[in-house]
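Thanks, everyone. One topic today: how the two chains meet. Let me put the model up.

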Number of protein chains: 2
Amino acid sequence: MSRVVIALGGNALQRQGGASAAAQQAEAAATARQLVPLIKQGHQIVIVHGNGPQVGDILLHEEAFSSDEVPTMPLDSCDAMSQGMIGYWLQQAIDNEMRADGIRLQVVTVVTQVVVNADDPAFSDPSKPVGPFYRDEAEARAAAEKRHFAVKPDANRGWRRVVPSPKPQTIVEKDTIEQLLNNGCLVIAVGGGGVPVIDDGQKLTGVEAVIDKDASAAALADSINAEQLLILTSVDGVRIHFGSPNETELRETSVEELRGYIDQNQFAPGSMLPKVLASIGFVDKARGSRQAVIASLDGAEAAINGQGGTVIR
Amino acid sequence: MSRVVIALGGNALQRQGGASAAAQQAEAAATARQLVPLIKQGHQIVIVHGNGPQVGDILLHEEAFSSDEVPTMPLDSCDAMSQGMIGYWLQQAIDNEMRADGIRLQVVTVVTQVVVNADDPAFSDPSKPVGPFYRDEAEARAAAEKRHFAVKPDANRGWRRVVPSPKPQTIVEKDTIEQLLNNGCLVIAVGGGGVPVIDDGQKLTGVEAVIDKDASAAALADSINAEQLLILTSVDGVRIHFGSPNETELRETSVEELRGYIDQNQFAPGSMLPKVLASIGFVDKARGSRQAVIASLDGAEAAINGQGGTVIR
């Protein structure tokens with residue numbers, strides 16, 4: 001029995017790519033089925049899910065129509081919407097799958113805010129594309145002027161709004177999450193990396209930004225002193241020399257070794273790199289025997305038993 | 001010190017009518033300020049908020065644009081979105097206002113499902129209007145055919161989709177809510193009356209319906225054995241002979257007396273009647289000394305001290 005933070009990648013809800021609620025809820029059920037063996041082992045589990053496709057769709061709907069009476073909601077509010085929706089899908093799916101296995105456990109979704117630094121360099125260099133594509137640069141610049149946000153060309157596919165992706169500092173609801181774990185609940189929290197907020201010492205204020213979900217999962221795992229951070233994604237583990245004849249999957253590795261590979265640019269930014277960085281961040285702060293595991297969703301059970309994925313110690 | 005379920009009406013977030021996130025968050029701050037004196041008294045507090053205007057706006061956005069890639073979400077998912085968004089606004093506002101008063105307390109939003117009966121008569125008579133107005137009956141009927149839902153004319157303002165409003169049976173997350181209260185948290189739960197789900201004995205499945213928020217607040221208050229149900233709205237209390245020269249505000253009343261007034265059609269359906277029915281439902285099940293209070297948001301502190309509003313025993 002250990003305390004585990006599980007970070008679920010986008011494939012946990014959209015493996016087949018279907019974006020309807022029914023399709024995503026069916027995926028959530030399949031994901032829940034993969035998690036039941038872990039739940040049965042009696043671990044204290046927090047699930048941190050991504051929200052990229054879902055908050056993207058919410059934004060597209062919000063941007064599709066706006067008036068004084070029915071205004072478009074800002075990104076922090078959309079983030080909170082996605083936490084509610086995905087949390088609902090996951091808690092229901094996990095509850096249903098546990099029930100099929102005769103397990104009774106309370107599953108709870110905690111709407112989570114994550115403090116970021118107002119002077120995070122990300123705020124002066126917004127880089128994460130969100131929302132609809134604009135027809136051309138002129139349309140994008142007009143939207144940027146009107147709505148006070150930044151726009152950039154997105155990989156030759158057109159112009160889009162870009163938002164900052166600051167580093168997570170503190171999980172506002174961490175004490176509640178820890179308390180729920182201690183009381184035997186399975187907790188879904190920090191969805192989509194959390195709703196980013198700035199703390200000016202007087203109060204919290206939401207900001208239009210996105211926080212990397214794996215980084216927030218690592219920050220949560222650190223702050224609640226989890227033994228394990230399990231990052232589940234679409235690949236079996238961390239590979240080096242990717243796409244070359246000597247491509248190798250790492251089975252066990254260390255923070256030092258991974259730092260060397262990062263210096264060699266072995267990991268794709270926006271893909272494996274943030275997962276490796278999150279793992280390093282979590283393991284490196286360890287006083288005891290922490291480990292991070294990067295594995296596929298289908299290999300979750302093997303991974304938690306040390307029989308699959310890439311283990312970082 | 002007592003356990004109190006507070007049902008917040010629509011005016012808690014839209015008193016001035018502004019629908020932007022900034023306007024609603026400012027209203028949430030004003031509402032939080034009204035709640036701080038109650039929090040200071042040390043009660044165990046659950047806040048149940050409405051979501052009518054907010055889920056309405058989410059639906060308008062969802063309906064404004066739909067494709068295979070970015071499909072419109074069904075009402076249960078939209079409900080969960082609204083719980084995330086409004087919960088975020090309220091938890092942040094309450095946290096900020098408490099901090100200004102030097103109070104430290106964990107505030108947590110629990111995404112909540114509420115079981116309804118599949119054979120509730122509401123399912124054969126959908127009556128609650130939601131979503132956009134259609135141009136005319138023909139457009140409404142075409143949408144109804146395509147999307148498999150019911151439409152009706154809405155008070156001469158045009159045709160709209162109508163959904164069932166079944167009675168709440170069980171609050172799925174009630175044990176978690178109670179545990180959080182016992183641990184000293186202020187809990188925001190059952191937002192918008194909860195996400196309606198049907199339990200077929202095997203699993204929970206969301207349904208496109210809406211549950212009356214006051215009815216769900218009463219069901220929660222009953223199931224966690226609260227001492228008090230405090231329904232905060234835009235009027236000072238319950239009035240009889242409304243609009244006539246002998247209009248009177250009830251200060252203290254009983255279940256029996258209120259039933260008599262209901263038989264006289266003293267209370268407006270969709271307005272005061274559901275609040276009176278929720279209060280009756282809660283108080284009538286009492287074994288001990290329960291009370292329900294219907295009061296204005298501004299009169300919350302006076303009401304909880306027995307100095308305002310309508311007290312039902």
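The contact, meaning heavy atoms within 4.5 Å, takes 55 residues from chain B and 55 residues from chain A. This is a predicted model: local features need pLDDT of at least 70, side-chain atom pairs count only at pLDDT 80 or more, and totals for chains, interfaces and linings use all residues. Residues are numbered from 1 along each chain as its sequence is written, chains are lettered from A in the order in which they are written, and side-chain values use heavy atoms, leaving out hydrogens and water.

Now the area. The two chains bury about 4,400 Å² between them, 55% of it on carbon and sulfur atoms. Buried area is the accessible area (1.4 Å probe) that two parts lose on being put together, summed over both. In chain B, the most area is lost to chain A by His61(B), Tyr88(B) and Arg99(B), together 16% of what that side buries.

Next, salt bridges. A side-chain nitrogen of Lys or Arg must lie within 4 Å of a carboxyl oxygen of Asp or Glu. The count between chain B and chain A is two. Arg99(B) forms a salt bridge with Asp199(A), with the closest N and O atoms 3.0 Å apart.

Last, symmetry. A rotation of 180° with 0.0 Å of shift along its axis superposes chain B on chain A, RMSD 0.0 Å, by least squares on the C-alpha atoms of residues with pLDDT of at least 70 in both. That is the relation of a two-fold axis. The same surface serves both copies: 100% of the contact residues of chain B recur in chain A.
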